[in-house]
Amino acid sequence: MCGIAGAWSPHAGADASALELLGRRMGDAIAHRGPDDHGTWADAGAGLVLSHRRLSIVDLSPEGHQPMLSADGRWVIAFNGEIYNHRVLRAELEALGHGFRGHSDTEVLLAAIAQWGVQATLERGNGMLAFAVWDRHERVLWLARDRVGKKPLYYGWAGDGTLLFGSELSALRAHPALQTEVNPDALALLLRLDYIPAPYAILRGVHKLPAGCLLRLDEAALQAGNARHDPLQAPQRWWDARQQQEAAIARGFDGDDATALDALDALLRDAVALRMEADVPLGAFLSGGTDSSLVTALMQAQSTRAVRSFSIGFDNAGHDESAYAAAVAKHLGTEHTELRADGHAALDLVPDMARMFDEPFADSSQLPTALLCRLARQHVTVALSGDGGDELFFGYGRYTRALRNDARLSRLPRHLLARLAGNPGERSRLGGLAALRAELATTSLQDVALQRVCRWRQPEQVVRGARRVPTAYDDPSALPRNGTPADQLMALDFACYLPEDILTKVDRASMAVALEARAPLLDWRVAEFAWSLPLSMKYRDGQLKYLPKQLLQRYLPTQLVQRPKSGFGAPVGDWLRGPLRDWAEAQLDERRLREEGHFDPVAIRTLWGQFLGGQRKWHTHLWGVLMFQAWREQWR
């Protein structure tokens, strides 16, 4: 796991030393992602530099150094990620005559690109990745992101026409000509969703490559620059989640519960085993919930010694699952470590959030995730997580509520009701009649789904200069054209919430402390298997994630499996009224809000006053504003 960065200037015959210096500066900005090694490679004739920061996981020797050249000298790569099936690919390539110096997956990836090309190699691989690979013969730059979006990749053009790219925004900011004007449309997305989904980014002229996408840039594209680049159209999908979902739904699953359990057990065992390969210590995040418990159980079942497991607990009982995690660890026999956290621990961490997350991010579970990653990194370099189970196996209670409400509304004159109900705005977050009006105003399942996930309902009214821009939750083409409404709800979250919130949170929190996080449930084979299953194998008799829970009962007693779901959140409302109040007051100072000019200060101060006066739910609205303010303060 690493960090990558680079720049490609349209000015021919660039100075090699200047390119090298720029590459080092960009790499140094993300040094936390790879503290073990660093390197730059420049093609002065093309005006291109690649930079790499290495966190050594597989092949700790110098043979894994990057940027790396292919054996034939044509390809140069800066790669962030892991190719879990690299041994299988290596055997295929050796049979075709390729030789290898070391045993890194990077070397296999390069040889595969030389043999099969960029897209065909991506399709053969099983892993998580973001990479930049330069074709020295064709003078073409390829940028790619993995199927699900586990690894990030930003790109954009600086004011002098230079293309910049990197794992984090801070790498691009190392270029002196990058414009740093805030994109108000992206800021409104932050308030609406708690995160900024691809292809949008907080800075104008900067984009995020979407999951499963590949961007080919030649010299003509470079010269055209940002003025003619369309981030919604230019990247090509080398793996289309919606198409794969439709194909899996069409295939279906021909078998009973027992057959499905055996198939899921075998798939997950293999996915976990592949992700247990490392030349450094590894462990597991263990919350005590279904997904993390299942991953930990399968790790322990395939390990010859006790697996290291890690959990975090809070003094606030409503957010504390640590007792369940401890009970699971005891039954499985893991070597378990628990951290107890309170508001003061959060207060100590909050000033680091803007630096750690690099781009404004407002899912409050970022705080316990960051604390958990810090704890794990004291003992291991790789940790397996249970991310993805909810989106694949119908794990959210909001799915059942959305389906119920959509079914009821579908029996009524919906468009007429929507016109009569109007838009109650932010008050709908408080429940009561306003919430009912908001639900009546929906005209589709996507509208109902968005009601379940959004914070601010009309953020464009408080973000100055903002327009509403589309996301998967607004785009009918994001929905599979077959299957059930339940399939559609999970597809929306898989397309947006999973990569842009959950996986972003884990990537930034883990890489901030040079910890690699791996997610076996998001192996593409597991995903396509899950999509093929009927809803009755995911949701039965009121039980969410039916099949994974049945599988977990092969490894844990029923009382540790069949319990209510708890979210991995934080008591932010209590903290904002307590240890974080002074910090929040400074961030929301009316004079500061007015001078900075991003928000309507009256609207923000009104919400803050109502929250302090006892309106508990406004903390979810305010946290997005606070995270942006802290980010702006950090990067100003």
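Modeller: Rings of Phe, Tyr and Trp (its six-membered ring) pair if their centres lie within 6.5 Å; planes under 30 degrees apart count as stacked, over 60 as edge-to-face and the rest as tilted. By that rule, ring pairs join Tyr-195, Phe-394, Tyr-396, Tyr-399, Tyr-497 and Tyr-539 into a cluster. The model is a predicted one, in which local features need pLDDT of at least 70 and side-chain atom pairs count only at pLDDT 80 or more, while totals for chains, interfaces and linings use all residues. Residues are numbered from 1 along each chain as its sequence is written, and side-chain values use heavy atoms, with hydrogens and water left out.

One member of the cluster, Tyr-396, also has a charge at its ring: the charged end of Arg-398 sits over it, 4.4 Å from the ring centre. A charge sits over a ring if NZ of Lys or CZ of Arg is within 6 Å of the ring centre and within 35 degrees of the ring normal. Arg-90 is placed in this way over the ring of Phe-100, with its charged end 4.5 Å from the centre.

In total, the structure holds 15 aromatic pairs. Among them is the stacked pair of Trp-239 and Trp-531, with 6.0 Å from centre to centre and 25 degrees between the planes. Trp-239 lies in the loop between strand E12 (236-237) and helix H8 (241-251), and Trp-531 lies in helix H20 (residues 524-532), so this pair ties together parts that are 292 residues apart in sequence. Helices (H or I, at least four residues) and strands (E, at least two) are DSSP runs, numbered from the N terminus. Trp-239 and Trp-531 are both buried; buried means under 20% relative accessible area, exposed over 50%, and partly exposed in between (1.4 Å probe, protein chains only). Phe-357 and Phe-361 form another stacked pair, 5.1 Å centre to centre with 5 degrees between the planes. Both of these Phe residues are buried as well.

Helix H20, which holds Trp-531, is also one of the elements that the buried residues of helix H9 pack against. The others are helix H10 (290-301), strand E16 (382-384) and helix H21 (546-552), where contact means heavy atoms within 4.5 Å. The buried residues of H9 include Leu-261, Leu-264 and Asp-265.
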